[in-house]
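Work through the exercises below with the sequence and the structure side by side. Each task is followed by a solution in steps.

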Amino acid sequence: MTSSSRIAPSSVRARSFDAAAAQYAANRPSYPAALLDMIEDLTGRPLAGARVADVGAGTGLATALLHARGAEVVAVEPGDGMAAQFRRTLPDVPIVRGDGNHLPLAAGSLDLLTYAQSWHWTDPARSVPEALRVLRPGGALALWWNTDAGDVPWIAAQSDRIHEHLGVDPAAEKTGGTDRAAHGLAGRLACVRRRVRWSRRVPVDTHLANIGSHSAFLVQDEEASRTFLAREREHLLRAFPDGTVEETYDVELLLAPRP
């Protein structure tokens, strides 16, 4: 039996991360250097010295990469718990409270506006005009998501088990976020779509904590999640007897220059 009846609406899922901010920061994957290289190539300018806002910054996974590239980056984050974790992780990077529907940023102030795993929490009817307002002419909007590489057999099998357990298809949710974003931008901004494959090797506990940090699990009954993750550990140890899991991702990037 699935637990699809217990999946909360998106507004509740969006708020679920605050209570799990430390788990999110410790276990979620970051993004490959090739992604930032691609953004520089597509925008035609280096990130070093660029004025950037990272919206829905969470615990700062993407913000840290932009900052390391030399961008003059400010984070925008609505959640109390995520913002507190961000300040512990990146105390020297400014963070302001807000979201993509109401950006607390000056008009025409940015070279680049980024959303890493967060655009799908916005209302494009409001977030697109806000992006156009804060970007300078020639600036760009960059949206990206880590999506599971479904052509890897063990990942496809795990996705099926999660779908059966939750009644939610995690692979479809992630790739669907990119598709919905592209549709939402159509007719407003011309965007290009690119994909970058990458992988990381992590202990099985890190992989399981990564799964558990997703909103569909965070809003689920805790006992049901524990039971599922215990069974999932058994599956993983059969596939990876040494206890090290190789996660493979496709980063889906949408980049839209401001006219």
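Helices and strands here are DSSP runs, of at least four residues (H or I) for a helix and at least two (E) for a strand, numbered from the N terminus. The model is a predicted one.

**Exercise 1. Find which residues touch the most other members of the largest nonpolar core.**

Solution. 
Step 1. The largest nonpolar core has 34 residues.
Step 2. Within this core, Ile-39 and Trp-144 touch the most other members.
Step 3. Leaving aside residues up to four places away in sequence, the contacts of Trp-144 include Tyr-31, Leu-35, Ile-39 and Ala-62. Also among them are Thr-114, Tyr-115, Ala-116 and Gln-117, as well as Val-251, Glu-252 and Leu-253.
Step 4. A second, separate core holds 22 residues, including Val-55, Leu-113, Trp-119 and Leu-254.

**Exercise 2. Locate Gln-117 and decide whether it is buried or exposed.**

Solution. 
Step 1. Gln-117 lies in the loop between β4 (110-116) and α6.
Step 2. The cut-off for buried is under 20% relative accessible area. Gln-117 has 17% relative accessibility, so it counts as buried.
Step 3. Look at the backbone: Gln-117 has a positive phi of about 60 degrees, although it is not a glycine.

**Exercise 3. Work out where the buried residues of helix α6 sit around its axis.**

Solution. 
Step 1. Helix α6 spans residues 124-134, and its buried residues include Ser-127, Val-128, Glu-130, Ala-131 and Val-134.
Step 2. These residues cover an arc of only 165 degrees around the axis, and therefore lie on the same side of α6.

**Exercise 4. Trace what Arg-133 touches.**

Solution. 
Step 1. Arg-133 belongs to helix α6.
Step 2. Its relative accessible area is 31%, so Arg-133 is partly exposed.
Step 3. Not counting residues up to four places away in sequence, Arg-133 touches Leu-103, Leu-105, Ala-106, Ala-107 and Gly-108.
Step 4. Take Ala-106 from that list: Arg-133 and Ala-106 are 27 residues apart in sequence, while their C-alpha atoms are 8.2 Å apart in space.
Step 5. The side chain of Arg-133 reaches the backbone oxygen of Leu-103 at 2.9 Å. It reaches the backbone oxygen of Leu-105 at 2.9 Å as well.

**Exercise 5. Describe the surroundings of Asn-27.**

Solution. 
Step 1. Asn-27 is part of helix α2 (residues 21-27).
Step 2. With 11% relative accessibility, Asn-27 counts as buried.
Step 3. The side chain of Asn-27 reaches the backbone oxygen of Gln-23 at 2.9 Å.
Step 4. Beyond residues up to four places away in sequence, Asn-27 touches Arg-200, Thr-206, Ala-209 and Asn-210.

Terms used. Residues numbered from 1 in each chain as written. Predicted model: local features only at pLDDT ≥ 70, side-chain atom pairs only at ≥ 80, totals over all residues. Heavy atoms only, no water. Buried < 20%, exposed > 50% of the residue type's maximum accessible area, 1.4 Å probe, protein only. Arc of directions from axis to C-beta. Core = buried A, V, L, I, M, F, W, Y, C linked by side-chain atoms within 4.5 Å. Contact = heavy atoms within 4.5 Å. Polar contact = N/O pair within 3.5 Å; in protein donor to acceptor, adjacent residues only side chain to side chain.
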